[in-house]
Amino acid sequence: MHLKQLDFDYLPVHLVKGGGEQKEGAYRNMNPSMLVPTFVDDDEDIVLNQSLAIIEYLDDRYLDTPMLLPTHAADKARVRAVAQDIACDVQPVTNLRILQALHSDFAASSEQTQAWCVKWIELGFNALEKRLATRSGKYCFGYDVTLADVCLVPQVYNALRFQVDMQRYPLIQKIHDNCNELDAFQKAKPEAQTDAP
Ligand SMILES: N[C@@H](CCC(=O)N[C@@H](CS)C(=O)NCC(=O)O)C(=O)O
């Protein structure tokens, strides 16, 4: 939203307190998947889940704002592929509810769940580091921020949480650092949110 320079209201949903507000009545009615985010555009009477769908909607709807997907078909597909490498193949298996299920259903210890996260993040990052070698510049694709960068930054945040050795991924680390020089990424950091503990 910050990259798109759009005004918005942020309504926090606490993922842990009381078992997780995402699983409670009002939020759950709006998003039965019980995951954040949920995006509401009152002007268009639209309630959307899935980050990638939301971001593509913003690009399609607000054409006079900075675009996060290129227009050229091949470039657009390449950006989507990297975004999906992260958002479809890495983030879901390290999500909170997966870690909670490993613990509650399979008696995994916190060391085991951490090892699980490191395993899948490293598998994803090993491939991503190679992929980025061909077309990256300051950002994942050249010198414009794209949807790929928007996915990469929170995944690195998560990798650091689980103590992945980022020295193994110099390109990912460099792009992450370049993104974080931008005001929009600073404003989007978890610790910058109004409800950060
Ligand atoms: N594919 C969804 C994933 C959403 C998702 O996993 N959200 C996490 C936070 S990053 C969540 O709500 N976790 C709560 C839980 O696991 O209970 C998207 O891209 O929007």
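Gln50 is exposed, with a relative accessible area of 54%; here exposed denotes over 50% relative accessible area, buried under 20%, and partly exposed the range in between, for a 1.4 Å probe and protein chains only. The model is predicted, so that local features need pLDDT of at least 70 and side-chain atom pairs count only at pLDDT 80 or more, whereas totals for chains, interfaces and linings use all residues. Residues are numbered from 1 along each chain as its sequence is written, and side-chain values use heavy atoms, with hydrogens and water left out.

Backbone geometry is described next. Gln50 is placed in the loop between β2 (46-48) and α2, where helices (H or I, at least four residues) and strands (E, at least two) are DSSP runs numbered from the N terminus. Although Gln50 is not a glycine, its phi is positive, at about 70°. A positive phi is also found at Ala107, a residue other than glycine, with a value near 55°. Ala107 belongs to the loop between α4 and α5 and is exposed, its relative accessible area being 64%. A further backbone feature is the cis peptide bond from Val36 to Pro37, with omega near 5°. Pro37 is located in the loop between α1 and β1 (39-41). For context, most residues other than glycine have a negative phi, and most peptide bonds are trans.

The side chain of Gln22 places an N or O atom 2.8 Å from an oxygen atom of the ligand. For Ser51, a side-chain N or O atom is likewise 2.8 Å from a ligand oxygen, and for Asn95 the corresponding distance is 2.8 Å. Taken alone, the ligand exposes 520 Å², of which the protein buries 82%; accessible areas come from the Shrake-Rupley method with a 1.4 Å probe, and for residues only the protein chains shown count as cover.

The interior was examined through its nonpolar core, a set of buried Ala, Val, Leu, Ile, Met, Phe, Trp, Tyr and Cys residues joined through side-chain atoms within 4.5 Å. The largest such core has 37 residues, and those with the most contacts inside it are Ile121, Phe125, Leu128, Leu152, Met166 and Ile172. Two or more residues each are given to this core by α2 (51-61), α3 (73-87), α4 (96-106), α5 (110-135), α6 (147-161) and α7 (170-180). Helix α6 supplies the largest share, 7 residues. In soluble globular proteins, nonpolar side chains tend to be buried together.

Tyr157 is found in helix α6 and counts as partly exposed, at 35% relative accessibility. The C-alpha atoms of Tyr157 and Ala26 are separated by 29 Å, the two residues being 131 apart along the chain. Tyr27, in helix α1 (residues 25-30), is buried, with a relative accessible area of 11%. Between Tyr27 and Thr38, 11 residues apart in sequence, the C-alpha distance is 8.8 Å.

Asp59 lies in helix α2 and is buried, its relative accessible area being 2%. The side chain of Asp59 reaches the backbone nitrogen of Leu69 at 2.8 Å. Asp59 and Lys4 are 55 residues apart in sequence, with their C-alpha atoms 8.1 Å apart in space.

Cys88 is in no disulfide, the nearest cysteine sulfur, that of Cys151, being 8.5 Å away. Cys88 counts as partly exposed, at 43% relative accessibility. Cys179, by contrast, is buried, with a relative accessible area of 0%. The closest cysteine sulfur to that of Cys179 is in Cys140, at 6.6 Å, which is too far for a bond.

Notes
A disulfide is a pair of cysteine sulfur atoms within 2.5 Å. A polar contact is a pair of N or O atoms within 3.5 Å; within protein, one must be able to donate a hydrogen and the other to accept it, and residues adjacent in sequence count only if both atoms are side-chain atoms.
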